[in-house]
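Please walk me through this structure, one selection at a time. I have it open in a viewer and have not seen it before.

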Amino acid sequence: MPWSKRSLRSLAEGLLSAKSKPSISSKKFSPDLKILEKDILKSCIEYLSYSKSGKFWRSNTGAVVSEYHGRKRFIRFGIRGGGDISGILRGGRRVEIEVKSSTGTQSNHQKEFQRMIEEYGGVYLLVRGIE
C-alpha cells in the first residue's frame, strides 16, 4: 500500500512506543461533520510530538505582500507544494505530511513535491484525520 494512503495513526503507531502514546478521544466520525484542516493539523502535530522515533515540525509555506520603506514587496516563504508537517525519522529518512479535509485535494505543486519526496526515498503522507 502506498504511504500516501496510510492513515496517520498507522504511521504514528509504528513510530511511537507504547509508553509514549497520548490519549486521544475516540469520537465517532460523522460524514456530516465538517472538520477543518487547521484542526486536523493541530491534532497531528500534538500526536506526533510524542514520537520517540523521529522529530516533526510545522512547515509553513505561502506568500505575502508587505510594504517596507514605502515599497510593496512580494515575499514567498517555504517550498512551493511542501507538506504541512515535515520530519525526520531516526536513521535519516525524511517525512512530509500534507493535511487535507475530507473534501480537500492536492494542488499540482503538491503532487509534484510528493513525487520528488517518494523518488528520493522519503515518506509522504496525505492525511485526512488521525483515525
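The tour below starts with the whole chain and then moves to single elements and residues.

**Before selecting anything.** This is a predicted model, in which local features need pLDDT of at least 70, side-chain atom pairs count only at pLDDT 80 or more, and totals for chains, interfaces and linings use all residues. Residues are numbered from 1 along each chain as its sequence is written, and side-chain values use heavy atoms, with hydrogens and water left out.

**The whole chain.** Show it as a cartoon. The chain has three helices and six strands, in the order α-α-β-β-β-β-β-α-β along the sequence. Helices (H or I, at least four residues) and strands (E, at least two) are DSSP runs, numbered from the N terminus. Of its 131 residues, 35% are buried. Buried means under 20% relative accessible area, exposed means over 50%, and partly exposed lies in between (1.4 Å probe, protein chains only). A contact means heavy atoms within 4.5 Å; among contacts between residues at least 6 apart in sequence, 64% join residues at least 24 apart. The accessible surface comes to about 9100 Å², and 50% of it belongs to carbon and sulfur atoms. Such areas come from the Shrake-Rupley method with a 1.4 Å probe; for residues, only the protein chains shown count as cover.

**Select helix α3, residues 108–119.** Its 12 residues should span 16 Å, and the end C-alpha atoms are 16 Å apart, which agrees. The expected span is 1.5 Å times one less than the number of residues. Now show the side chains of Q110, F113, Q114 and I117, which are buried. They cover an arc of only 105° around the axis, so they sit on the same side of α3. That arc is taken from the directions from the helix axis to the C-beta atoms. An α-helix has 3.6 residues a turn, so residues three or four places apart point the same way. The buried residues of α3 pack against β5 (94–99) and β6 (123–127). On the face turned away from the buried side are the exposed residues N108, R115 and E119. Step just past the helix to G121, which has a positive phi of about 90°.

**Select the salt bridges.** A salt bridge is a side-chain nitrogen of Lys or Arg within 4 Å of a carboxyl oxygen of Asp or Glu. The count comes to three.

- R58 and D84: the closest N and O atoms are 3.8 Å apart. The pair links distant parts of the chain, with R58 in strand β1 (residues 54–58) and D84 in the loop between β3 and β4 (85–89), 26 residues apart. R58 is partly exposed at 36%, while D84 is buried at 15%.
- E96 and R94: the closest N and O atoms are 2.5 Å apart. E96 is buried at 1%, and R94 is partly exposed at 38%.
- K100 and E98: the N to O distance is 3.6 Å. K100 is buried at 9%, and E98 is buried at 2%.

**Select H69.** Which loop holds H69? H69 is in the loop between β2 (62–68) and β3 (71–77). H69 has a positive phi of about 55° although it is not a glycine, and it is exposed, with a relative accessible area of 67%.

**Select V64, I75 and F77.** These residues form a nonpolar patch on the surface, with about 240 Å² of accessible area together. I75 lies in strand β3 and is partly exposed at 38%. Patches are made of residues with over 30% relative accessible area and no salt bridge; like charges are joined within 9 Å, and nonpolar side chains (Val, Leu, Ile, Met, Phe, Trp, Tyr) within 5 Å.
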